[in-house]
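Subject: Structure for you to look at, with notes

Hello,

Please open the structure below and keep it in view while you read, as the notes that follow go through the contacts one group at a time.

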Amino acid sequence: MKENARSIETVALPELPVTQLRRDLRQWYAESGRRLPWRERDDPYLIWVSEIMLQQTQVKTVIPYYQNWLSRFPDLATLAKADLQDVLKAWQGLGYYARARNLHKAAGAVVRQHGGIFPQQLDDVLALPGIGRSTAGGILSAAFNQPVSILDGNVKRVLSRLIALSVPPAKALPQLWQLSDTLLDRENPRDFNQALMDLGATLCTPKNPGCLLCPWRTSCKAYNLEKQSEIPMRETRFPLPHKHIGVAVIWNDRQQLLIDRRLDSGLLGGLWEFPGGKIEPGETIEACIAREIQEELGIEVEVGERLITVEHAYTHFRVTLNVHHCRHLHGEPQAIECQEVRWVTLEEIDRFPFPKANTLIIEALREFANGEPTSAPIRNELR
DNA sequence: AAACCGTGGCA
DNA sequence: TTGCCAAGGTT
């Protein structure tokens, strides 16, 4: 990590009553800190798993996945030996699937390079895939009480308000890192870092922060300027592009369905899906599906009636999946633009990891197979 | 170094 | 309905 020395010089950090801030935060945490599953023990594997799951993901979402994960992969050695498909299955629905692939890969690295013992050197931890500076600090401080600072979304927001930062946090990362490091209570780094995140998650929230209960309110520049709701400043973004996709549910004459496994890199890497592709301008859904299936799988299908229409939003675009029943006519399916192709029954399909939008298709297939009446287009957000 | 990478909840 | 944001890292 390279510090931007110039910007540190030009943007001076305010004078802060550091000792008092540490003491007030410590006392608040003792009274109001959260009790969370990964705070009950200091096993680095348990802390590590929680830190990866919590990247860009809220505590409430993580907890059930965390419990289930530990029942399947109770220790690092078990995870290292596990099949990647089982790992992805346990991650199904959490999103950012590279986190699961990297966790699995890193477990193997710890076994081979560190004798199965999670490393305690910052450089060794940072060398593991999926662990950056903030996650390394979170793990080392929580598991070993090491004085390593953190800078996650909570801390960025808390510190931005504390100094009334006049630019979006992304434009001031060196200063925010320096502030996190300056404030860090080196006598109690574990509790300090956890307290800072709790403060951001429960009081110093993005909307309607509970400033009247905040232990830092007398020192908080944003509060004293009544600018809590304007800080941190946001970057302006472009509207999300919308893609229209034709998707095939291909049946053979043995009541089996054709699914494919995506390439390991990129969007939804390593997960299974129903094949399909983008509808070209002026193209009908049926023509698109027939064309995509010929191009991607090298087979010919007859496109039948609509099964479901799924709306789904990813981070950088929205999609409409136009899903149609298809009948396999001829040709042996080939893995041309994917890793693997497979015929499965509706009974077997649950064993494979699918992304969210595809699980909605599977639900619709179940209803179809059970002879339930097809309803109006089902919207993702209504489910 | 800007772009990419999921999903759920909320207003 | 749409946009925003969340315990960020990788390329």
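This is a predicted model: local features need pLDDT of at least 70, side-chain atom pairs count only at pLDDT 80 or more; totals for chains, interfaces and linings use all residues.

A polar backbone atom of Leu 267 lies 3.4 Å from a phosphate oxygen of DNA strand B, which is a polar contact, meaning a pair of N or O atoms within 3.5 Å (within protein, one must be able to donate a hydrogen and the other to accept it, and residues adjacent in sequence count only if both atoms are side-chain atoms).

Residues are numbered from 1 along each chain as its sequence is written, chains are lettered from A and ligands numbered from 1 in the order in which they are written, and side-chain values use heavy atoms, with hydrogens and water left out.

Around DNA strand B there are 17 residues, of which Tyr 97, Leu 268, His 312, Thr 315 and Lys 356 are the closest; a residue is near a strand if one of its heavy atoms lies within 4 Å of it. Sugar or phosphate supplies 55% of the atoms of DNA strand B within 4 Å of the protein, and bases supply the rest. Sorted by class, this surface has 8 nonpolar, 8 polar and 1 charged residues, where Ala, Val, Leu, Ile, Met, Phe, Trp, Tyr, Cys and Pro count as nonpolar, Asp, Glu, Lys and Arg as charged, and the others, Gly among them, as polar.

DNA strand C has 25 residues around it, and Leu 54, Gln 56, Asp 152, Asn 154 and Arg 234 come nearest. Of the atoms of DNA strand C that come within 4 Å of the protein, 66% belong to sugar and phosphate. The surface near DNA strand C has 7 nonpolar, 10 polar and 8 charged residues. A polar side-chain atom of Arg 234 is 2.7 Å from a phosphate oxygen of DNA strand C, while the side chain of Trp 38 places an N or O atom 2.8 Å from a base nitrogen.

Which residues does Asp 198 pair with in salt bridges? A salt bridge is a side-chain nitrogen of Lys or Arg within 4 Å of a carboxyl oxygen of Asp or Glu, and the count comes to 12 salt bridges. Asp 198 meets Arg 34 in a salt bridge, at 2.8 Å from N to O. Arg 34 lies in the loop between helix H2 (18–32) and helix H3 (44–53) and Asp 198 in helix H12, so the pair ties together parts that are 164 residues apart in sequence. Asp 198 also forms a salt bridge with Arg 39, with the closest N and O atoms 2.8 Å apart. Asp 198 counts as buried at 0% relative accessibility, whereas Arg 34 is partly exposed at 24% (buried means under 20% relative accessible area, exposed over 50%, partly exposed in between, with a 1.4 Å probe and protein chains only).

Best wishes

How values were computed
Helices (H or I, at least four residues) and strands (E, at least two) are DSSP runs, numbered from the N terminus.
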